[in-house]
Amino acid sequence: MSEERARKIKLMLFDVDGVMTDGTIWLFPAPTGAQRSTDDQARVHADKGGFGIISQSVIEAKGFHAHDGSGMSMARIGGLKLGIITKRISETVALRARDLKLEHVYQGAHDKVSAFEEILQKEHLSANQAAYVGDDVIDLPVMRRCGLAIATANAREEVKAEAHYVTRHRGGEGACRDAVEYILRAQGTWEEAVNKYISERSPKARQ
């Protein structure tokens, strides 16, 4: 049944902490004079916990896995739209999202369902055409509404119990790549996407 659901997917959405990362939040001294595009957005939530670090002297950093990045490139080649929905607000996430050319970036989204529905409306898609990858209970409302709910290997047990598919790898260690591969294989486009990804980056491979 999960493969049947995967064949309908046209949009993949990801949580960040614990999904695109291993969940660790690093705090480093901020470089003097660094341009920070997310400060104003984070400042709106300054009186609430869990949205992000509001400081001119400290920056919140995260680690991302290269396999997930290449997986998202292959997802795009396979015709999927991509996005993130996360409660925390981080300049590091904004930079990674731009690097990956994600179509939808929702930071500071404590109501993930509203963000999910807004994205569906923008893409003119129904909920059963969207997949969501999560790891914690805050992700459950979206996972219950989307067409394909995916949990990472490190997800809380309550989340795994409601997922249609659980990745082989943990968040920050290739879980997003697993999710992309699962969907593209179900749609019969995985090998074509891999070959096109290789040929675009290694022209001599086509000879």
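User: Two strands pair if DSSP finds at least two bridges between them. What joins strand 1 to strand 4?

Analyst: The model is predicted, with local features needing pLDDT of at least 70 and side-chain atom pairs pLDDT 80 or more, while totals for chains, interfaces and linings use all residues. Residues are numbered from 1 along each chain as its sequence is written, and side-chain values use heavy atoms, without hydrogens and water. Strand 1 (residues 11–14) and strand 4 (residues 81–86) run parallel and share four bridges, so they pair. Leu13 has Gly83 of strand 4 as its bridge partner.

User: Which strands are the edge strands?

Analyst: The open sheet holds six strands, ordered 5-4-1-6-7-8, with parallel pairing. Strand 5 (104–107) and strand 8 (165–166) each pair on one side only, which makes them the edges.

User: Which residues of helix 5 are buried?

Analyst: Lys112, Val113, Ala115, Phe116, Ile119, Leu120 and Glu123 (buried: under 20% relative accessible area; exposed: over 50%; partly exposed: in between; 1.4 Å probe, protein chains only). Because they cover an arc of only 160° around the axis, they lie on the same side of helix 5 (the arc is taken from the axis to the C-beta atoms).

User: What covers these buried residues of helix 5?

Analyst: The cover includes strands 1, 4, 5 and 6 and helix 6 (140–145), contact being heavy atoms within 4.5 Å.

Methods. Helix = DSSP H or I, 4+ residues; strand = E, 2+ residues; numbered from the N terminus.
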